[in-house]
Amino acid sequence: MKRKILFTMLGLLVICLVTAAYWYVSTQKKSNTNTIDNTQSSSVTVKKICSDDLIGRASTAIRDNNTEALKNVYDEVQKQADYLDDQNCTYIAAWYNYSIGNLKNAREYQQRLVKLMLKAESYSYSFDPVPLSADALGNAISVAESSSKANQQEQEIDESLAP
């Protein structure tokens, strides 16, 4: 009887050790993947291109949901040399495209922003309200893309049912 309990306990211990080893190996693969992604972004150089005044005007337009004013700021941002190397300029560009429904461009800017934020310390403190993180902006774009696809499918169904 004691032998049976001893073998059962040893069996459970072996199962726990095997499970722990599997968990350890699988988490190491994920961290190695993250390291590879970080080294690929090392080619990104972060620069300060957008002025605090430009960021302040963009913030006001974003807060007030004023796409016309945001377009004016976006046009100014695009005139800046190397604006894609500044996380603040890239955020403004991504937000403008998101706000007008140009989700393809918004996604491209957001993906660039992800790479920049790996190197940059933070957004400018001139933003008010505080900007979304690159991931949160990506989630917002994903929701908008899903909503757009759903609306498109709904229209197709309505058209197919029309007499």
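These are questions and answers on a predicted model of one protein chain.

Trainee: How many helices and how many strands does the secondary structure of the chain come to?
Mentor: From the N terminus on, the elements run α-α-α-α-α-α. The total for the chain is therefore six helices and zero strands, with helices taken as DSSP runs of at least four residues.

Trainee: What share of the residues in the chain is buried?
Mentor: A residue is buried when its relative accessible area is under 20%. The chain has 163 residues, and the buried ones make up 27%.

Trainee: Among contacts with a separation of 6 or more, what percentage comes from residues 24 or more positions apart?
Mentor: A contact here needs heavy atoms within 4.5 Å. Of the contacts in the chain with a separation of 6 or more, residues 24 or more positions apart account for 69%.

Trainee: Which element gives the largest share of the largest nonpolar core?
Mentor: This core has 26 residues, and those with the most contacts inside it are Leu70, Val77, Tyr91, Ile92 and Leu137. Two or more residues come from each of H2 (52-63), H3 (67-79), H4 (87-99), H5 (103-119) and H6 (134-161). The largest share is seven residues, and the element that gives them is H4.

Trainee: Are H4 and H6 roughly parallel or roughly antiparallel to each other?
Mentor: Their axes are 11 Å apart, and the two helices pack at an angle of about 20°. The crossing is left-handed. Angles under 35 degrees count as roughly parallel. H4 and H6 are therefore roughly parallel.

Trainee: By class, how many nonpolar, polar and charged residues are in the contact of H4 with H6?
Mentor: From H4 come Tyr91, Ala94, Trp95 and Tyr98, and they meet Leu137, Ala140, Ile141 and Ala144 in H6. Sorted by class, this contact has eight nonpolar, no polar and no charged residues.

Trainee: What is H3 to H4: oblique or roughly perpendicular?
Mentor: The axes of H3 and H4 come within 10 Å and cross at roughly 140°. Angles from 65 to 115 degrees count as roughly perpendicular, and roughly antiparallel needs an angle over 145.

Trainee: By class, how many nonpolar, polar and charged residues are in the contact of H3 with H4?
Mentor: The crossing of these helices is left-handed. H3 brings Thr67, Leu70, Lys71, Val73, Tyr74 and Val77, while H4 brings Cys89, Ile92, Ala93, Trp95, Tyr96, Asn97 and Ser99. By class, that contact has nine nonpolar, three polar and one charged residues.

Trainee: Is arginine 107 buried or exposed?
Mentor: Arginine 107 is in helix H5. Leaving aside neighbours within four places in sequence, arginine 107 is in contact with Gly138, Ile141, Ser142 and Glu145. The cut-off for buried is under 20%. Arginine 107 has 18% relative accessibility, so it counts as buried.

Trainee: Which two residues does a cis peptide bond join?
Mentor: Most peptide bonds are trans. Proline 129 is in the loop between H5 and H6. Serine 59, a residue of helix H2, is buried at a relative accessible area of 3% and has Asp128 and Pro129 among its contacts. The cis bond, with omega about 15°, joins aspartate 128 and proline 129.

Trainee: What is the phi of asparagine 65?
Mentor: Most residues other than glycine have a negative phi. Asparagine 65 lies in the loop between H2 and H3 and counts as exposed at 61% relative accessibility. Although asparagine 65 is not a glycine, its phi is positive, about 55°.

Trainee: Where is aspartate 82 placed?
Mentor: Aspartate 82 has a positive phi of about 60° although it is not a glycine. With a relative accessible area of 41%, aspartate 82 is partly exposed. Its place is in the loop between H3 and H4.

Key:
Residues are numbered from 1 along each chain as its sequence is written. This is a predicted model: local features need pLDDT of at least 70, side-chain atom pairs count only at pLDDT 80 or more; totals for chains, interfaces and linings use all residues. Side-chain values use heavy atoms; hydrogens and water are left out. A nonpolar core is a set of buried Ala, Val, Leu, Ile, Met, Phe, Trp, Tyr and Cys residues joined through side-chain atoms within 4.5 Å. Buried means under 20% relative accessible area, exposed over 50%, partly exposed in between (1.4 Å probe, protein chains only). Axes are lines fitted to C-alpha atoms, for helices over the stretch in contact, and angles run from 0 to 180 degrees between N-to-C directions. A crossing is left-handed if the near helix is turned anticlockwise from the far one by less than a right angle, and right-handed if clockwise. Ala, Val, Leu, Ile, Met, Phe, Trp, Tyr, Cys and Pro count as nonpolar, Asp, Glu, Lys and Arg as charged, and the others, Gly among them, as polar.
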